[in-house]
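The points can be read in order beside the structure.

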Amino acid sequence: MGFHEVRFPDNISRGARGGPERRTQIVELTSGDEERNASWANSRRRYDVAYGVRRADDLATVVAFFEARNGRLYGFRYKDWADYKSCLPSQSPSATDQGLGTGDGTAVTFQLAKTYISGSQAWTRPVTKPVAGSVQVALDGAEQATGWSIDTTTGLVSFDAAPGTGVLVTAGFTFDVPVRFDSDTLDVSLDIERLGSITSIPLVEIRR
């Protein structure tokens with residue numbers, strides 16, 4: 001699928017709305033009880049960036065960005081201001097924030113990921129679009145300045161030498177969400193003062 005490694009304008013995304021979506025099937029039985037089944041194993045994020053358009057210049061920027069992506073054809077990066085760090089929003093990322101796996105003496109690549117924990121339950125989200133220059137890596141808690149590289153288009157960390165058996169691989173980072181426009185149409189309106197507005201500009205996360 002086509003993807004442009006460019007980020008949607010931050011000044012507009014900062015005022016957007018949206019977040020994770022899940023798909024659950026609920027069947028109500030004749031007894032009044034219900035059965036629930038998850039149709040999706042992972043969540044998918046949706047956003048509406050129309051709320052971030054405040055000026056006619058913002059509108060022109062969005063239209064240009066939309067045209068350059070050919071509507072829904074090409075994906076792009078999006079900064080979710082509510083969730084873009086490997087740590088808590090009030091903290092700065094560190095190399096021990098997120099566990100990526102345990103070395104076995106053979107594997108040299110590890111996928112960046114962020115784990116969401118509540119009580120005894122946890123869900124791990126693959127991170128495929130880290131921000132260049134933001135990734136930090138540690139082995140058994142010791143930060144590694146060299147000996148590894150990051151592919152910012154996939155989120156894969158590659159080591160020059162495989163971490164030893166039982167060695168905990170961790171990382172800290174900031175990241176973008178891979179998204180696309182969820183409509184091939186922008187419904188633009190202009191009032192008599194030439195102030196522009198768009199009712200809705202939906203974006204949807206790309207899952208591969």
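1. Residue classes. Ala, Val, Leu, Ile, Met, Phe, Trp, Tyr, Cys and Pro count as nonpolar, Asp, Glu, Lys and Arg as charged, and the others, Gly among them, as polar. By these classes, the lining of the largest pocket consists of seven nonpolar, five polar and seven charged residues.

2. Basis. The model is predicted, with local features requiring pLDDT of at least 70 and side-chain atom pairs pLDDT 80 or more, while totals for chains, interfaces and linings use all residues. Numbering starts from 1 along each chain as its sequence is written, and side-chain values use heavy atoms, without hydrogens and water.

3. Largest pocket. This pocket holds about 380 Å³ of space. A pocket here is an open set of points on a 1 Å grid over the protein atoms alone, where a 1.4 Å probe fits, with protein on both sides within 12 Å along at least five of seven lines; lining residues have an atom within 4 Å of a point. The volume is the space filled by probe spheres set on the points, which are joined across faces, edges and corners. The lining has 19 residues, of which P126, T128, I206, R207 and R208 are the closest to the centre. Strands β10 (121-126) and β16 (177-181) each give at least two lining residues, and the largest share, three residues, comes from β10. Strands (E, at least two residues) and helices (H or I, at least four) are DSSP runs numbered from the N terminus.

4. Second largest pocket. About 160 Å³ of space lies here. Its lining is made of W81, A82, D83, Y84, K85, C87, L88, P89 and K114; six of these are nonpolar, three are charged and none is polar. W81 belongs to the loop between β6 and β7. W81 counts as partly exposed because its relative accessibility is 26%; the cut-offs are under 20% relative accessible area for buried, over 50% for exposed and in between for partly exposed (1.4 Å probe, protein chains only).

5. Helix α2. Residues 56-68 form this helix of 13 residues, and its first and last C-alpha atoms are 18 Å apart, close to the 18 Å expected at 1.5 Å a residue. The expected span is 1.5 Å times one less than the number of residues. Buried in α2 are D58, L59, V62, F65 and F66. Viewed down the axis, these buried residues fall within an arc of 125°, so they line one face of the helix. The arc is taken from the directions from the helix axis to the C-beta atoms.

6. After the helix. N70, which follows α2, has a positive phi near 55°. R72 sits in the loop between α2 and β6 (75-78) and, at 40% relative accessibility, counts as partly exposed. Its C-alpha is separated by 6.2 Å from that of D182, although the two residues are 110 apart along the chain.

7. Sheet and strand pairs. Four strands make an open antiparallel sheet in the order β7-β15-β11-β12. Each of the edge strands, β7 (98-102) and β12 (142-143), has a single partner, so one side of each lacks a neighbour in the sheet. Strands pair if DSSP finds at least two bridges between them. Antiparallel strands β11 (136-139) and β15 (168-172) are joined by four bridges, with L139 partnered by V169. Strand β19 (202-205) runs antiparallel to β5 (44-48), with three bridges between them; three bridges also join β19 to β16, again antiparallel. In β19, L203 stands opposite Y47 and V204 opposite R180.
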